[in-house]
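Subject: Structure handover

Hello,

Please find the structure below, followed by notes on what was found in it.

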Amino acid sequence: MPEFVFGVDVDSVLVELTGPVLSLLNERFGTDFGLEDPVTQSGEGWLLREEIRDFYWGLFHDEAFLAKAPPVSGCQEGMRCLRRLGRIHIVTARLPALFTSTAKWLETNGIPYDEIIFASDKVAVAAEHGIGHFLEDTPEQALALAEAGVEVFLFDHPWNRLLEHPRVRRVAGWSELIARLAGYDQDGDTETQRGTKGLV
Ligand SMILES: [Mg+2]
């Protein structure tokens, strides 16, 4: 039976950031931004305000903030599902200095995986490790992976709504992804399904 090799992004795929970020932004800047109007791929939204943009990107280097961020709903169950189907390489473009705190967050939140890799060139990582399927939310990464032949499950967010590609499948979240994988995560004719249709 073939074993799948998955690549899984961290921020906004495993770590829930939008909600906690918005709470901080609205508190600090006296604004009333909602989940659906942060930054879009077409360049609209609250990231146009420079002081907010600086504060926002600073949070991605803020170990205390990241350590307290909650997991994306359903990600533990989803990762257990992926693990039954194959290997998991967690691949993040976070700064390498965040390795220890990121690994601790994954352990604290009960996320199973085989390896964690810090790299901004995810296409190179996918090629090196034979990653055939990637879970991602950043449109630039998703497009590069898809164009390199990797099947992408794109976690839907306002900033990636413009991305369309034959190898990019948009999912609302982990529950939808788990449902899509359900046919492959059980006994019976699973092997036949894999052989004829692939993991889509
Ligand atoms: Mg991400």
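**The core**

Leaving aside its neighbours within four places in sequence, L14 is in contact with V8, P71, V72, C75 and I111. Here two residues are in contact if their C-beta atoms, placed from the backbone, lie within 7 Å.

Before going on, two notes on the source. The model is predicted, and local features need pLDDT of at least 70, side-chain atom pairs count only at pLDDT 80 or more, while totals for chains, interfaces and linings use all residues. Residues are numbered from 1 along each chain as its sequence is written.

L14 is also one of three residues, with V8 and V152, that touch the most other members of the largest nonpolar core, which has 35 residues. A nonpolar core is a set of buried Ala, Val, Leu, Ile, Met, Phe, Trp, Tyr and Cys residues joined through C-beta atoms within 7 Å. Buried means that 20 or more other C-beta atoms lie within 10 Å of the residue's own; exposed means 12 or fewer, and partly exposed is in between, with C-beta atoms placed from the backbone. At least two residues of this core come from each of β1 (4-8), α4, β2 (86-92), β4 (133-136), α7 (139-147), β5 (151-155) and α8. In soluble globular proteins, nonpolar side chains tend to be buried together.

I88 is found in strand β2. Is I88 buried or exposed? I88 is buried, because 22 other C-beta atoms lie within 10 Å. Not counting residues up to four places away in sequence, I88 touches F6, V8, M79, L82, R83, Y113 and D114. I88 and F134 are 46 residues apart in sequence, and their C-alpha atoms are 9.6 Å apart in space.

**The whole protein**

The protein has nine helices and six strands. These are DSSP runs numbered from the N terminus: helices are H or I with at least four residues, and strands are E with at least two. Of the 200 residues, 26% count as buried. Among contacts with a separation of 6 or more, 59% are between residues 24 or more positions apart.

**Helix pairs**

Two packed helices are described by the angle between their axes and the distance between the axes. Axes are lines fitted to C-alpha atoms, for helices over the stretch in contact, and angles run from 0 to 180 degrees between N-to-C directions. Angles under 35 degrees count as roughly parallel, over 145 as roughly antiparallel, 65 to 115 as roughly perpendicular and the rest as oblique. A crossing is left-handed if the near helix is turned anticlockwise from the far one by less than a right angle, and right-handed if clockwise.

The axes of α4 (residues 75-85) and α8 (residues 174-181) come within 9 Å and cross at roughly 25°. The two helices are therefore roughly parallel to each other. α4 passes α8 in a left-handed crossing. C75, E77, G78, C81 and L85 of α4 make the contact with W174, L177, I178 and L181 of α8. By class, that contact has seven nonpolar, one polar and one charged residues. Ala, Val, Leu, Ile, Met, Phe, Trp, Tyr, Cys and Pro count as nonpolar, Asp, Glu, Lys and Arg as charged, and the others, Gly among them, as polar.

α1 (18-29) and α2 (residues 50-59) pack at an angle of about 140°, with their axes 11 Å apart. That makes α1 oblique to α2. Their crossing is right-handed. On the α1 side are V21, L25, R28 and F29, which meet I52, F55, Y56 and L59 in α2. The contact divides into seven nonpolar, no polar and one charged residues. F55 is partly exposed, with 16 other C-beta atoms within 10 Å. F55 and L24 are 31 residues apart in sequence and 9.6 Å apart in space, C-alpha to C-alpha.

**Two further residues**

S12 lies in the loop between β1 and α1. Most residues other than glycine have a negative phi. S12 is not a glycine, yet has a positive phi of about 70°. S12 counts as partly exposed, because 18 C-beta neighbours lie inside 10 Å.

K68 lies in helix α3 (residues 63-68). K68 is exposed, with 10 other C-beta atoms within 10 Å. K68 and W105 are 37 residues apart along the chain, and their C-alpha atoms are separated by 8.5 Å.

Regards
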